[in-house]
Amino acid sequence: METLKKILGFSFITHLGIGVSVRVLLVLYSTIHDKRFEVPYTDIDYKVFSDAAKHVYEGNSPYLRHTYRYSPLIAFLLIPNVYLAQFGKLLFVFFDILVAIAVKTVVERQFQTHPNASKISTFSALYWIYNPMSVAISTRGNADSLPCFFIILSILFLQTDVVNGLLKYLISGIFLGFSIHLRLYPLALSFPMYLSLGEYKINRRTSFSDGIISLLPNKKQIVLTLSCILTLSALTLFMYYIYGYEFLFETYLYHATRKDTKHNFSILFYYSYLTKDNLSFDLVKLLLLFCLVVVLFVVSMTFGVNSETLPFALFAETFLLVAFNSVMTSQYFIWFLSLLPLVAHSFEMTASKAVVLFALWLGTQGAWLVYGYILEFLNRDVFLHIWLKSMIFFISNVFIFSQLLETYKPRFGFGYIDRVDKNK
């Protein structure tokens, strides 16, 4: 315990140095692992990114690479990969570390009036720096650290005084637009972010006309919305100008009909496998989407209307979006894990309970991965077993979320804020 306290007492720069070192060593190790083991360390997506970047370098479309279904920006950024095979991984690690720095900045400014602000923000950032999932995803060559970084940057400008006036909402909207261009899921986060800038004073005595007026967008909401839409539109039109409909379909439209029948944690995994050749109207997925939209709307209206609880709204929406999605792969977990550090200080639970919940999440996920390996590498028919593990994993996610919801206490600050307030 004393050793742990000593490690936690390191400066933030020291923690960053350790985080960078671990990640760089894993990038170097990946080249050895991939040559010696049947199951590669490097993500298949990294091969896709690299091939797409090579096509761009040669003056062709990145979509010549089969299964490349990302923004061309990723391929542009990885052009040096043509000569430096590990450049892309190091780039993703760089953005991975920037996420930790952005998290610390956001949390520290949220608690800037309290003496323990620096300590709380450092502890929050450690959730990302030492998270095995964040370490693995970036070093295996996955690009999701980029949209995660832009989302947190958007939150940083939206909720802090890095800049003042309407400029902060303009910049926030620009970064939000960038993140949506890279990944569609931040689109769901735009609604609670929009709501957090409103002033809603509606009660039983409010007249209908006053209620409508209070719902009209204010200047802050208009600036955030327009800057986000214009940024996303400009990027989309530019890419469409270069690559045409192929860009629209592969990057955006494809995901509306996507069916992953192998590495997919979703409860709809087995259903997708059974209906993979059915191109007709899918009522089951439509009903799941409807339920998801309702849940996200309720979360937005409950936590998104208050700027203080906005970070939890964003984390909760992303967590639920992943849990209820018809496609769920390991890289999707990074979407909500990158937002967890912004609210980790707000859960009033014991360390032992937190460890149990984390072990439950990893254990049910690991049980799925065992059968995933049997299916993908041993070619055995275990689809039904995987489906059962998917349901168990889904149930564990719902249970974990219920526990987080039950223990959520805004501005708890790992207990440091309460201590400070009581001593005043």
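## Ground rules

Residues are numbered from 1 along each chain as its sequence is written, and side-chain values use heavy atoms, with hydrogens and water left out. Because the model is predicted, local features need pLDDT of at least 70 and side-chain atom pairs count only at pLDDT 80 or more, while totals for chains, interfaces and linings use all residues.

## Helices α2 and α6

Helix α2 covers residues 12-36 and helix α6 residues 117-129 (helices are DSSP runs of H or I, at least four residues, numbered from the N terminus). They pack at about 0 degrees with axes 11 Å apart (axes are lines fitted to C-alpha atoms over the stretch in contact, and angles run from 0 to 180 degrees between N-to-C directions). So α2 and α6 are roughly parallel (angles under 35 degrees).

On the α2 side you'll find Phe12, His15, Leu16, Gly19 and Arg23, meeting Thr122, Ala125, Leu126, Trp128 and Ile129 of α6 (contact means heavy atoms within 4.5 Å). These residues split into six nonpolar, three polar and one charged (Ala, Val, Leu, Ile, Met, Phe, Trp, Tyr, Cys and Pro are nonpolar; Asp, Glu, Lys and Arg charged; the others, Gly among them, polar).

## Phe10

Phe10 sits in the loop between α1 (2-8) and α2. Phe10 is partly exposed, at 32% relative accessible area (buried is under 20%, exposed over 50%, partly exposed in between, with a 1.4 Å probe and protein chains only). Neighbours within four places in sequence aside, Phe10 touches His15 and Ile18. Its C-alpha atom is 9.6 Å from that of Thr122, 112 residues apart along the chain.

Note on methods: Helix = DSSP H or I, 4+ residues; strand = E, 2+ residues; numbered from the N terminus. Parallel < 35°, antiparallel > 145°, perpendicular 65-115°, else oblique.
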